[in-house]
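The points are grouped by topic.

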Amino acid sequence: MAADLETGPLVVRVFSGPVMGENAYLVWGGGQRKAVAIDPGEGAAEMLKAVEAEGLTLEAVLLTHAHFDHIEGVGEIVRQTDAPVYLHPDARPFYDHAPQQAAMFGMWVETPPPPSHTLAHGQQLELGGARFQVREAPGHAPGHVILYVEEAGVAFVGDVVFQGSIGRTDLPGGDFQLLMRSIREQVLTLPDETVLYPGHGPETTVGHERATNPFLAPQYRGGFLV
């Protein structure tokens, strides 16, 4: 399933996988013909069709983290476009063992191609007609990052926070206290109107989650459970 969202100077097309429900994003600046793929999962084939239909050049694959459902389409994307892959070094062990991850859930995915570039906190990437600010946000998974586009008022948050929920921390490398710290320091410090595009489910905003998310405001407005 795909949907287009106009967010200021950006076009964001969302592809949701039918099995795991993960969101992949095709993003490009309005009027630009260069795009980036964020977390290409099961919907990679549909994403590639959209790249061709829109006359886009895929400039990069950006990965928020390396859980198998968010990277299973990387191989197909790279084969068709030769786009470079960006990944945080701490996520590399999970990335290299994507088939073993999938097997834990009774599924199969191919081993993705080696990443071309590393991501680091504070890095700024000029890609797809946008400037992506990299923010480290571990806790759900090692090497998890958030990709923030300040000019457009959007952030691609992977599995850190969802509409009304937060990322699970019961998988290898998960840490609840660390995740809550990441949310506090890397999500709730963004302007309230910032649109959050999560790895699963619908988009939301910082302000909405600050006020209503039961993990973030259980007793006091904007307060924390931990």
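His 70 sits in the loop that links strand E5 (57-62) to helix H2 (74-81); helices (H or I, at least four residues) and strands (E, at least two) are DSSP runs numbered from the N terminus. The model is predicted, so local features need pLDDT of at least 70 and side-chain atom pairs count only at pLDDT 80 or more, while totals for chains, interfaces and linings use all residues. Residues are numbered from 1 along each chain as its sequence is written, and side-chain values use heavy atoms, with hydrogens and water left out.

**Confidence**
- The average pLDDT of the chain is 91, and 92% of the residues score at least 70; pLDDT is the predictor's confidence in each residue, from 0 to 100.
- Residues 219-226 have a pLDDT below 50, and this stretch has 17 contacts in the model beyond near neighbours in sequence. Contact means heavy atoms within 4.5 Å.

**His 70**
- His 70 has a relative accessible area of 0% and is therefore buried; buried means under 20% relative accessible area, exposed over 50%, and partly exposed in between (1.4 Å probe, protein chains only).
- The side chain of His 70 forms a polar contact of 3.1 Å with that of Asp 159, and another of 3.3 Å with the side chain of His 200. A polar contact is a pair of N or O atoms within 3.5 Å; within protein, one must be able to donate a hydrogen and the other to accept it, and residues adjacent in sequence count only if both atoms are side-chain atoms.
- Leaving aside residues up to four places away in sequence, His 70 touches several others, among them Glu 22, Asp 39, His 65 and Gly 199.

- Ala 44, Met 47, Leu 48, Ala 50 and Val 51 are buried in H1. These buried residues fall within an arc of 160° seen down the axis of H1, so they line one face of the helix; the arc is that of the directions from the helix axis to the C-beta atoms.
- Lys 49, Glu 52 and Ala 53 are exposed, on the face of H1 turned away from its buried side.
- The buried residues of H1 are covered by elements including strand E2 (10-16), strand E3 (23-29) and H2.
- In H2, the buried residues are Val 74, Gly 75, Ile 77 and Val 78. Their arc around the axis is only 165°, so they are on the same side of H2.
- Arg 79 and Gln 80 are exposed on the other side of H2.
- Helix H1 (44-53), E5, strand E6 (85-87) and helix H3 (92-96) are what the buried residues of H2 pack against.

**The six-stranded sheet**
- Six strands form an open sheet of mixed pairing in the order E8-E9-E10-E11-E14-E15; two strands pair if DSSP finds at least two bridges between them.
- Strand E8 (124-127) and strand E15 (204-205) are at the edges with a single partner strand each, so one side of each has no neighbour in the sheet.
- Strand E11 (residues 154-158) and strand E14 (residues 195-198) run parallel and are joined by four bridges.
- Phe 156 is opposite Tyr 197 in E14.

**Val 134**
- Val 134 belongs to strand E9 and is buried, with a relative accessible area of 2%.
- The C-alpha atoms of Val 134 and Leu 119 are 7.1 Å apart, although the two residues are 15 residues apart along the chain.
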